[in-house]
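Visitor: Hi, I have a structure open and would like a quick tour. Can we start with the overall picture?

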Amino acid sequence: MKEKMRYSLLLVALLLSAAAVFAGCGKKEKVTAESLMEEVSANMKDVDSAHMKLLAEISMGIKQSGISMDMDIDLDMDMEVVNDPSTAHVTADMSMSLMGISMQMENYSVEEDGKMVVYNGMGGEWTRTEQPLDKEKAQSMNDMISEGTSYELQDKKEKLDGREVYVLNGKVSGKYLEGMMGEVSDGMGSIPMDWSKMEFNMVIKIDAKTKVPVEAEIDCGDAMAELMEGAMGAAGAGDVEVSIKEFVMTCIYESFNDVDEIVVPEDVKAKAVDIGGASNESSDSLEDFLNNSQKESDLPTGPTGAVGAANESVAPNEDGTYTLMDFWGGDGSVSIAVPSGYVLSSSSESTYLAFDDTLGRTADDVYVSYMLDHDYTEDEMEEYYMEDVEYYTEENGYTNLDVQEKQTVQVNGREVSYIRFAYGYSEVGNYVEYHAWTFLPDGQVIQCDVAESSYDGECDILDDSIVETVMAAIQE
């Protein structure tokens, strides 16, 4: 069961990400969901390859032999894909809160001798699986989007990483999922699936200028619950109850048409153990799985020494700070220290520094991010954030909106402005956001967004003191 669960999770992540790729479609004139889908679809026909990042936040409950426990899973995947021939390369870091498990995975999906072959690597060991390649079915995937997905265009555009984006709400049917995953499920141990029960919601963001996908957020909770139920039954672990509390995946489209070729290294081919179309391992119990777990002491550590996600692409300076570059590619930069109680997040980049809290809570966490921008005034910054009031008021699902309008404080001799939002969403969770900014002597503005998410009650971590904590991390 252990290998099946790990393989299934990675495969599901790949396929759901692929669904998000196919779902980025649109055209212009009067901008509607249909016209936007047509225009993006036309643009995507010229896309031969892509770089993507896939982030997943999963929270589940596990029960076996009267013992109950919760497990949170964080998945960070870097993907490069090529359309013709159909190939993909994935590297992934996964961490599990239960017993401090951490693992690194790598995957190649390539065409070999008329078959789709998947190489999965974990802990230095590689496996090889294959299945028939149905090119006719693969070519019809884009056609299935219009049949399996309905979209609704939100009235208001949003700003994402400095770009204006259209926002589309999509609902994907089980028929579409069966087309995406039906054959592949044979490679997961003949897991029985009731596709008619499966459906997930997507929020797709489209660049308003280039009309290509920027980000897709996918709620996979119901689909994953059905998959896990079938997987447990197929693995002979019917006494294990798994409940999916949350499964949200975010696919970020980083670049297009910059991958020439994906080739499986010869040493990977030499190491790979051929397991055909499904794993032949016998089922393991939950106890066996936990006994083989990695110790928390083996996890990477962040700058503060607390357990955190390592990020090789953003290196610390000699004094432990990180350099935040101008988001728009200007010459400006500023040093950001690690805020007290936080560690560097794996989503950080040179133009976007992010930090996660170290509280270790199961269903309540805080995320801090910094950006360096320019060409803004104080009034424009306030107006930019206060536009969210209209969004939260008009958008269905948001409840109990509480807005604390702009406040001004002094932090380390620097004037800092901030706005606070608190709200609930669709009875799923509660949220508190602090949006703070300060201007540097050269006119550049540092934006810091702090967000707390709680899925088991009211938010109780953040208060106004967080503004001083995060803004004191800004170094001249």
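Predicted model: local features only at pLDDT ≥ 70, side-chain atom pairs only at ≥ 80, totals over all residues.

Visitor: What share of the residues is buried?

Guide: The protein chain has 476 residues, and 50% of them are buried.

Visitor: And how many helices and strands are there?

Guide: The chain has ten helices and 23 strands.

Visitor: Let's pick a helix. How many residues does α2 have?

Guide: Helix α2 has twelve, covering residues 33–44. From first C-alpha to last, α2 reaches 16 Å. That is close to the 16 Å expected at 1.5 Å a residue.

Visitor: Which residues in α2 are buried?

Guide: The buried ones are A33, S35, L36, M37, E39, V40 and M44.

Visitor: Switching to strands. In what order do β14, β15 and β23 sit?

Guide: The order is β14-β15-β23, in an open sheet of three strands. The pairing is antiparallel.

Visitor: Which ones are the edge strands?

Guide: β14 (322–325) and β23 (474–475). Each of them pairs on one side only.

Visitor: Over how many bridges do β15 and β23 pair?

Guide: Two bridges, in the antiparallel sense. Strand β15 spans residues 333–336.

Visitor: Which residue in β23 is the bridge partner of S335?

Guide: That is Q475.

Methods: Residues numbered from 1 in each chain as written. Heavy atoms only, no water. Helix = DSSP H or I, 4+ residues; strand = E, 2+ residues; numbered from the N terminus. Buried < 20%, exposed > 50% of the residue type's maximum accessible area, 1.4 Å probe, protein only. Expected span 1.5 Å × (residues − 1). Pairing = 2+ DSSP bridges.
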